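Biologist: I would like to go through this model and ask what its labels rest on. Please give the rule each time.

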Amino acid sequence: MTRCRLGIEKVIEQGPAGTRRIGLLSNQSAILPDGTTVWQALRNAGFPIVRLFAPEHGFLAAAQDTVPVEDTALEGVETVSLYGVRKQPAPEHLSDLDVLLVDIQDVGCRYYTYLYTVAAAIEQCARTNTEVVVCDRPNPIGASIVEGGAVAEEASSEVGGYGLAQRHGLTLCEFVRYLTREYVPAAPIRYAWMDGYTRDTRFEHTGLPWKQPSPNLPSIETARVYPGTCLFEGTTVSEGRGTTRPFEIIGAPWVRAEELRDALSELLLPGVAFSTEDFTPTFSSFAEEACRGVQLHVTDPETFRPLYTGVHMIIAIKEHAPEHFSWRPLWEDPSRSFADRLAGGDTFRRLVDRGAGAEEAYAVLCRGGEQFREARVQALYYDYAEGGL
C-alpha cells in the first residue's frame, strides 16, 4: 500500500527559506505520519510561527462542544481563539503576518464547525490581502459520496451554511476552492495538495494515523456515522457523549433496548447493523444517568448512508416512546429547537411530529442537493468518480 502524502509534508520539505512571519490555523489533530504535531514539526524545521489560531475545542482539542475558548499561549506562542468572543481573526491578528498557513482535520460533514472557522479566516484574509496556504488532508469518510441537501441562505449557521450537503464529499482544499468560487472573495491562496489520494480512498487505506480532532470524534467509525446520528443533538436523546463510542451509541433511560434494536434491524438499512447497549453518558442529555439504547455497526462503508440511517433512527425512537421523545431547545432561544438549525428550518421537525414516514422526512433534508453537487464539481481536484444519493 502506497501511503498518502499530506500537503503539509510538501511545505515542510520545501523548508522555511524566504518564509517570514507565519500564523497557523490548526489544532493538535493535525499530525504527521510519525505522530508529530504539525505545529511542532514546523517549529523544529525553523518555520517562524508567531501566532496560532484555534478553532472550536481549542488548539489542544480538549474543550467540549459549544464551550467558548479563551485566548492563551502555547509554549510561548500567542494562541488566538476563533471560537469564543470572536469567530474570525481581527485585522490586527493578520497585520504583522506574511502568510496564514491552514492545516486542520475536517470530518467530512457540514455540522462540524472547523470548515466555518477556515471560511471566516479566509474572508478576513481577503480584506487584509494576507496570503493563505491551505494544506490538504483526506476526507475521513471518503470524498466520492455526497448525501443530503443544502440549507437555505437565510437559515445558515455555523452547523449549516455555504450550500453544503450534510456529507459534502470534499477535502479541505477542495472546500476552499468551492468556497472562494461560490461564496467568499478569494484571498491570495496557494494549495498544498496531497499525493497518492483518490476520491474513493478510505482513510484506513491512506497509511496515515488518525488522531481525534475533537473530544467526541475518537475514531474513523465515529466519523462515518456522525452525519446521521448528529441529528440526535437536536433531541433530548443521548448521543453517547463522554462514552468511548459517542455518536455510535444512542439511547435514554426510558429506551427498551431490545425492542428498539429489533425495530431498527427489521428496516434492513444498507451497510449497518444494530446491537443493544447499556451506557452512562458524562455530557449533554442524561449526563451521569444509566441509559439503554443501541449501537450502530457499519458493516459496509460503501453502501452505508449515515443521514438516511439517522432519519430512520429518529423516527424509530419517537415511535418507540412518543411519551418521552422530545426536541432539544436552542440554548439562546428556548422557543426554537436545535434540530431546526441542523436541518436548516422547521419542516423536518414538523414532519416527524406529524408522523411522516422516514422517506418523506429524508427527502426534506435532501432538498438543494442537486445544486450543491453541480457547484461542487467545479471545485474537485482529485480524480472524479461521483457516487451517492
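Biologist: Which way does strand β1 run relative to β5, and how many bridges join them?

Modeller: β1 (residues 22–25) and β5 run parallel, joined by four bridges. Two strands pair if DSSP finds at least two bridges between them, so β1 and β5 count as a pair. Within it, Ile22 stands opposite Val99 in β5. Strands here are DSSP runs (E, at least two residues), helices likewise (H or I, at least four), numbered from the N terminus.

Before we go on: this is a predicted model, in which local features need pLDDT of at least 70 and side-chain atom pairs count only at pLDDT 80 or more, while totals for chains, interfaces and linings use all residues. Residues are numbered from 1 along each chain as its sequence is written, and side-chain values use heavy atoms, with hydrogens and water left out.

Biologist: What pairs with β6 (residues 131–135), and in which sense?

Modeller: β5 does, in the parallel sense and over four bridges. Leu101 has Val133 in β6 as its bridge partner.

Biologist: What makes the pair Tyr178 and Phe372 edge-to-face?

Modeller: Rings of Phe, Tyr and Trp (its six-membered ring) pair if their centres lie within 6.5 Å; planes under 30 degrees apart are stacked, over 60 edge-to-face, the rest tilted. For Tyr178 and Phe372 the centres are 5.6 Å apart and the planes at 80°, so the pair is edge-to-face. Tyr178 is in helix α5 (residues 172–182) and Phe372 in helix α12 (residues 369–377), 194 residues apart.

Biologist: Why is Tyr178 called buried?

Modeller: Buried means under 20% relative accessible area (exposed is over 50%, partly exposed in between; 1.4 Å probe, protein chains only). Tyr178 has 2%, so the word applies. Phe372 is also at 2%, and therefore buried.

Biologist: How do you know that the charged end of Lys87 sits over the ring of Tyr83?

Modeller: The rule asks for NZ of Lys or CZ of Arg within 6 Å of the ring centre and within 35 degrees of the ring normal. Lys87 sits over Tyr83 at 3.8 Å from the ring centre. Arg328 lies over the face of Phe338 at 5.1 Å.

Biologist: Why are the buried residues of α10 said to line one face of the helix?

Modeller: In α10 (residues 347–354), Phe348, Arg349, Leu351 and Val352 are buried. Seen down the axis, the buried residues fall within an arc of 160°, so they line one face. The arc is that of the directions from the helix axis to the C-beta atoms.
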